[in-house]
Amino acid sequence: MDPCPFVRILVGNLAVKSPASSKPSSFSGKVHPSSSPFFCKILLQGLDSNSTSPRVSSVPLISDSDPHPHSFAASFDFSKAQILKASKKPLMKISVYKGPTTPSCVFTSAKLLGKVSIPLDLTLAESRPCTFHNGWLSLSKNTNPSQLLHLTVRAEPDPRFVFRFDGEPECSPQVFQIKGDVKQPVFTCKFSFRDKDKAHFPSLNANHAAERKGWSITVHDLSGSPVAAASMATPFVPSPGSQRVSRSNPGAWLIIRPDGDGTWKPWGRLEAWREPNNSNAVGYRFEVLPGTADPVTLAASTISSQHGGKFAIDATSGVTPVNTPRGSWDLGSGSGSGSNSDFGLEPNFFYNKGFVMSAMVSGEGKCSKPEVEVGVQHVTCTEDAAAFVALAAALDLSIDACKLFSQKLRKELRQ
């Protein structure tokens, strides 16, 4: 089946220029404007989707002597169906503020400098890249007209394969490929315990140690051949004196792929834990294991154990573990087919083109049927797609594995 059409909107190359910035700044072409007093809120109106939630980005202050700005700020992703449902053409609104950018006071103590609006015709981007704006704009009639905002707004096609589990991973479901209203089976999943005799299950008695281990899920193609698997490599155990899997001792999965002659090779490692301080969030970190090279972290963030959420791998923003606070980060959003150079981004050596994959999972106590999107440039064979499906299953099962140990698991995870 053909992939589903998607469109990605990318915003970047942000900068503010005013008479007050006439002296040379420290801006060097690669934007890390942590000391900039300016930031912006990017809002997309006219499309009904969770993807339209506002984005916040720092904006560097530059002078005439500084080079042309090159940076990535935000992206928005839409399927063709979402675009067709829009009652009017989308409008991007960017509001620029001056003031502190700490989460607690982003919009309360900052001063609004001005706003700009960019109309978007996303139907133009279904078959080819489109640039809706690239240059300077006056921030507002209410501010000094010489105070300018530079930005680039671009959209481009980003086709993806879409897969949907027909049931919860622990129930060994089929996996369908989806395109519009059409679906066809492509994989089957088999959940099992690697060693039933040694599997330990959570006890309601806090005085007894408990662990969740030995879980495994294998993905088969329609001929019955195994094409990927996810297997618990480190048990999920509560930290001493608590009912939580801690960040200091996370549970872990190995995502493995066939290596010929009945052998398997590791492809990725997913760690998960329960965030501290009575949080309902499940933290995760995913690393790829590229042969003899060191592991590379591609995604790290949190998902609500109550409401679920989206896991994403994206190689557009150029974020690395080195420059990300506390090591908890997500590669953000972006696109393939050339947009990296437009925004001055360095490619990731493992995945060097935009969007890689995403997976939507549900929270505790809900019927979770993960939906997986994979960028077409990252699927060259059945095993490629199956590995991402196995990763999505491991993430979904991690929500259960990180459940408080004072609570009982469903029967499929206790047999």
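Tutor: Happy to; let's start with Arg247, which is partly exposed at a relative accessible area of 29% (buried means under 20%, exposed over 50%, partly exposed in between, with a 1.4 Å probe and protein chains only). This is a predicted model, where local features need pLDDT of at least 70, side-chain atom pairs count only at pLDDT 80 or more, and totals for chains, interfaces and linings use all residues. Residues are numbered from 1 along each chain as its sequence is written, and side-chain values use heavy atoms, leaving out hydrogens and water.

The partner of Arg247 is Glu275: the two form a salt bridge whose closest N and O atoms are 3.9 Å apart (the criterion is a side-chain nitrogen of Lys or Arg within 4 Å of a carboxyl oxygen of Asp or Glu). This pair links distant parts of the chain, with Arg247 in the loop between β13 (226–234) and β14 (251–258), and Glu275 in the loop between β15 (264–274) and β16 (281–288), 28 residues apart (strands are DSSP runs of E, at least two residues, and helices runs of H or I, at least four, numbered from the N terminus). While Arg247 is partly exposed, Glu275 is buried, with a relative accessible area of 14%.

Now turn to Arg160, a residue with two salt-bridge partners to look at. Glu373 is one of them, and the side chains of Glu373 and Arg160 meet with 2.8 Å from N to O. Because Glu373 lies in strand β20 (residues 371–375) and Arg160 in strand β9 (residues 160–165), the pair ties together parts that are 213 residues apart in sequence.

Arg8, Asp77, Asp158, Arg160, Asp314 and Glu373 are linked in a network of salt bridges. Over the whole structure, the search finds 18 salt bridges. To follow the story on screen, begin at the loop residues Arg247 and Glu275, then go to Arg160 in β9 and across to Glu373 in β20.
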